[in-house]
Amino acid sequence: MKSLSALRGAAMAALFAVTSLLSLPAAAESAYEAPLPAEINSDPDLCKHVPCAEVVPGADSFSPRKGKPAYVEAYRSEGGQKTLVGYAFLSTDIVDIPAYSGKPVITLIGMDTKGIITGTKILRHSEPILLLGIPESVLTKFIKQYLGKYVGDKIEIGKAREGEAMIGLDAITGATVTVIAQNQVIMRSGVAIARQVGILKVEPKPQIKFAAVNDTLSWAQLVDEGSVRRLTVQPEQLGMPRAAEPYVDMQYGYLNTPSVGRSILGDNGYQSLMTQLKPGEHAIFIISNGSDSFKGSGFVRGGIFDRVQVGQDMDAYTFRDLDYLNLWGVKAAGAPAYKESAIFIIRDPGFSAAYPWNLVFLANKRDRETGHRDFVSFSDEYWVPARYIEGGRPKVVKPDAPWLKVWKARAVEIGLFVALLVAVATVYANRDALTRRSTRKNKWPVNAFKYTFWIISIGFVGFGMLAQPSITQVLTWFHSLLFKWQWELFLTDPFIFLFWIFIILTTFVWGRGLFCGWMCPFGSLSELIYKVAGAIGLKRFQFALPMKWHNRLKWIKYAVFFGLLAVSVFSMGLAEMLAEVEPFKTTFLVGMFNRAWPYTLFVAVLLGLSIFIERPFCKYLCPLGASLAMPSTFRWFGLKRKQECNTCKACAVGCGSLAIDEHGRIDHRECMHCLDCMVLYTDEHACPPLAQERKRRTKAGLPLTPIGKDGYYIPIKPVPAAKA
Amino acid sequence: MIDPRSMTEPVTPPYVGGGALAHIGAEIWDHLWPWSRSGFQRQRAIQAAGLALALAATLVWVLAALGNNLTPGAIIGWWFGWSVFEVVVRLGSKPYVKEGPWWGQRYRKASVMDMICYVGFKNLLIGATLFIGLKSLGLLVI
Ligand code: SF4
Ligand code: SF4
């Protein structure tokens with residue numbers, strides 16, 4: 001019977017999925033997972049594949065890709081004359097910053113010859129929230145904010161603060177991670193190209209002053225003190241089959257430091273190198289093993305070394321053939337054997353060895369599914385050890401990680417939210433005190449708390465902080481577990497992050513009822529509507545489905561959950577789309593009236609039904625509820641029952657969740673922790689076994705002892721009279 | 001008479017009653033080993049299928065350990081297939097689940113849904129551990 005109803009549930013879920021899929025408005029036109037030609041990453045004629053003219057208005061012809069990182073020049077022809085009017089570049093040629101989905105948002109950016117951004121176009125993204133949740137027009141509007149902005153300015157998401165030289169952009173509510181990533185992408189790409197074409201001049205940094213240290217070290221000592229560091233890339237990191245040998249295994253160091261230079265090159269070698277360098281120039285050495293070359297096989301004389309560069313802050317320093325010298329050998333005792341070596345010279349005054357810098361290895365990663373090649377970079381930080389710098393290392397304030405910025409910016413709200421979660425758990429942990437004070441006629445000691453939490457969760461948590469947990473987060477975890485676990489990803493939304501800690505802990509301890517019944521914004525909204533409707537006189541229209549039907553329909557939500565899980569294995573995008581079965585996005589994240597009508601209608605129907613049926617969505621459809629219900633089977637502490645509950649139906653009749661079966665047993669997967677049955681449990685007028693005993697004792701003139709944990713009066717045991 | 005304090009009838013697995021350490025050992029064994037002798041007798045056909053499945057699963061893990069990369073789809077497929085099988089086996093051989101906190105010693109008869117929840121959740125934990133382990137050892141590359 002059960003399997004039959006489960007089957008029916010699955011069928012209904014499928015039907016539901018199909019209808020929701022059909023109602024997707026024009027999803028095909030969006031940039032979501034838009035197919036892009038494979039050549040887009042490699043074809044010299046970039047503009048054959050992408051609409052360059054859209055981002056550099058007025059341009060009518062474009063050069064092939066040039067430079068490292070690559071860009072194209074945009075020209076306007078007038079009377080047979082071609083004038084350079086700007087540049088167009090593809091974000092993924094320059095940076096590899098993943099957005100929320102873990103994949104980059106491929107953006108085409110245009111800039112004029114003065115460094116003003118003239119156009120931005122999203123060619124492809126994999127952001128679930130922007131697929132349907134938030135119309136793509138919002139993202140387009142967001143990136144339009146960059147038009148007319150100078151790439152050299154400090155542009156950040158959020159309000160510009162007094163006294164800070166920064167331009168603030170309006171974020172997209174509900175898609176913080178995406179816009180933070182997108183801001184980095186646009187700004188970094190812009191700066192990189194502007195530097196390369198000479199629009200942005202580097203500001204010279206104070207150069208390093210070496211302390212008078214002049215010893216000769218062995219290789220092991222150099223490695224120990226951090227003067228020689230290592231950057232290894234394994235083939236599997238590039239989507240290639242695993243192999244015993246790394247792809248490249250580079251060891252490198254900064255040669256200007258006298259001790260390091262002398263130890264590596266010997267006295268004469270060091271002297272001769274230093275005489276070749278002009279003031280303000282720097283030399284690094286690299287030795288490497290591994291199956292491939294760090295110099296790149298495509299390197300030809302006159303070209304650029306396209307696999308290694310040095311990065312510092314926002315700047316990248318690439319090497320041309322003129323910046324290359326032979327490394328004739330490593331003198332340091334105990335130096336390893338190597339296949340390949342080089343000395344590279346950095347000639348830019350923007351570089352300073354007094355500050356940390358990175359050795360960056362650039363490569364292409366093959367996507368195993370699609371065979372597409374994506375640009376990736378690997379880097380390792382180098383900082384000259386303090387003992388070589390006069391006065392030690394200068395103080396460096398690293399900008400906070402994006403997620404940390406979010407936490408700092410919203411510290412107050414985060415504090416309040418944590419306090420709320422702790423309060424809810426504390427109140428529930430002390431539920432006994434509340435239920436004992438309540439009676440069937442007066443449940444206010446419990447309800448005052450519960451209703452307060454509902455209102456806070458709807459207003460503050462739901463509409464205010466947009467912190468409605470969702471099944472998509474569960475699916476995202478599964479995926480992160482499989483592909484790439486990034487704490488940053490989860491930390492960027494502090495409220496959801498903290499909420500999930502609460503949910504996991506309380507589900508283990510008490511079951512899902514505490515979250516679902518007390519804290520879920522949508523669940524609370526739904527039940528609040530039911531309660532209000534009852535209070536304003538609609539009670540006679542309110543009903544619950546017959547137990548028989550409830551017991552069949554309740555399986556649908558599990559089918560929805562497993563369906564989503566299965567689909568997500570094949571396509572996360574499709575799963576996210578189907579997750580629209582949750583009305584959360586429409587209700588809280590985007591707003592009822594900002595979405596296409598089918599979504600608004602769906603929410604309206606669910607909330608409308610809530611007037612007549614208690615929590616219809618929670619009982620029958622919610623995949624999140626289902627995913628939490630399953631571990632609730634093993635909650636540590638359940639609700640209490642007496643043997644008499646077997647025949648007495650008082651609680652069962654009152655259970656709005658229909659969680660009590662005909663034998664008086666509570667199904668903790670369905671229970672919403674409303675505590676009505678726990679109020680009855682100690683109500684000496686309403687719980688029949690207690691009432692009986694109360695009457696008996698009153699008649700017999702016996703005292704009414706307190707009610708024990710087992711829900712009965714503590715038995716009166718005659719104590720033998722103490723001897724005088 | 002049905003006891004409303006327990007969702008299904010209380011059951012006592014054979015190992016209950018030993019010392020604390022023996023009990024923990026028996027429980028771990030119980031989590032890892034779905035079969036029991038009595039169940040085995042009753043479900044011969046299923047067991048034969050299961051043996052084949054177990055062999056195939058072992059083979060896949062051995063291959064993985066030898067450095068052949070597994071695709072995520074294959075792993076999840078195996079995980080799912082195994083879990084379904086384990087639910088069926090356990091319903092025949094060890095048809096009980098724990099009630100209340102994990103440190104307690106109360107057990108009850110498992111309904112189909114209880115068993116799905118138990119096996120699904122347990123295998124999720126085991127799977128995640130194996131998966132993260134293999135990944136950090138570099139044996140599994142996605
Ligand atoms: S069942 Fe879903 S909507 Fe209802 S309270 Fe639980 S998580 Fe919220
Ligand atoms: S009345 Fe029903 S929903 Fe409320 S606490 Fe009891 S079993 Fe749970």
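Me: At what angle do α15 and α24 of chain A pack, and how far apart are their axes?
Reply: In this predicted model, helix α15 (residues 494-509) of chain A packs against helix α24 (residues 623-632) of chain A at an angle of about 40°, and the two axes lie 9 Å apart.

Me: Which residues make the contact?
Reply: On the α15(A) side the contact is made by W500(A), I503(A) and T507(A), while α24(A) contributes L624(A), L628(A), P631(A) and S632(A).

Me: And how do they divide into nonpolar, polar and charged?
Reply: Five of the residues in the contact of α15(A) with α24(A) are nonpolar and two are polar, with no charged residue taking part.

Me: OK, switching to salt bridges, how many does the structure hold?
Reply: Over all chains the structure holds 36 salt bridges. One of them joins E225(A) to R387(A), with the closest N and O atoms 3.0 Å apart.

Me: Where do E225(A) and R387(A) lie?
Reply: E225(A) belongs to helix α7 (residues 219-225) of chain A, whereas R387(A) sits in the loop between β16 (373-382) and α9 (402-409) of chain A, so the pair ties together parts that are 162 residues apart in sequence. As for accessibility, E225(A) is partly exposed, with a relative accessible area of 23%, and R387(A) also counts as partly exposed, at 36%.

Me: What about R696(A), which residue does that one form a salt bridge with?
Reply: R696(A) forms a salt bridge with E693(A), and the closest N and O atoms are 3.1 Å apart. The two residues are three apart in helix α27 (residues 688-700) of chain A, so about one helical turn separates them.

Me: Now chain B: are D30(B) and K94(B) buried or exposed?
Reply: D30(B) is buried because its relative accessible area is 6%, under the 20% cut-off, and K94(B) is likewise buried, with a relative accessible area of 6%. Their side chains meet in a salt bridge, at 2.7 Å from N to O. D30(B) lies in helix α1 (residues 20-32) of chain B and K94(B) in the loop between α4 (72-93) and β1 (96-99) of chain B, so this pair ties together parts that are 64 residues apart in sequence.

Me: Which residues are linked in a network of salt bridges?
Reply: A network of salt bridges links K554(A), R635(A), D667(A) and R669(A) with E99(B), R108(B) and D114(B).

Terms used:
Residues are numbered from 1 along each chain as its sequence is written. Chains are lettered from A and ligands numbered from 1 in the order in which they are written. This is a predicted model: local features need pLDDT of at least 70, side-chain atom pairs count only at pLDDT 80 or more; totals for chains, interfaces and linings use all residues. Side-chain values use heavy atoms; hydrogens and water are left out. Axes are lines fitted to C-alpha atoms, for helices over the stretch in contact, and angles run from 0 to 180 degrees between N-to-C directions. Helices (H or I, at least four residues) and strands (E, at least two) are DSSP runs, numbered from the N terminus. Contact means heavy atoms within 4.5 Å. Ala, Val, Leu, Ile, Met, Phe, Trp, Tyr, Cys and Pro count as nonpolar, Asp, Glu, Lys and Arg as charged, and the others, Gly among them, as polar. A salt bridge is a side-chain nitrogen of Lys or Arg within 4 Å of a carboxyl oxygen of Asp or Glu. Buried means under 20% relative accessible area, exposed over 50%, partly exposed in between (1.4 Å probe, protein chains only).
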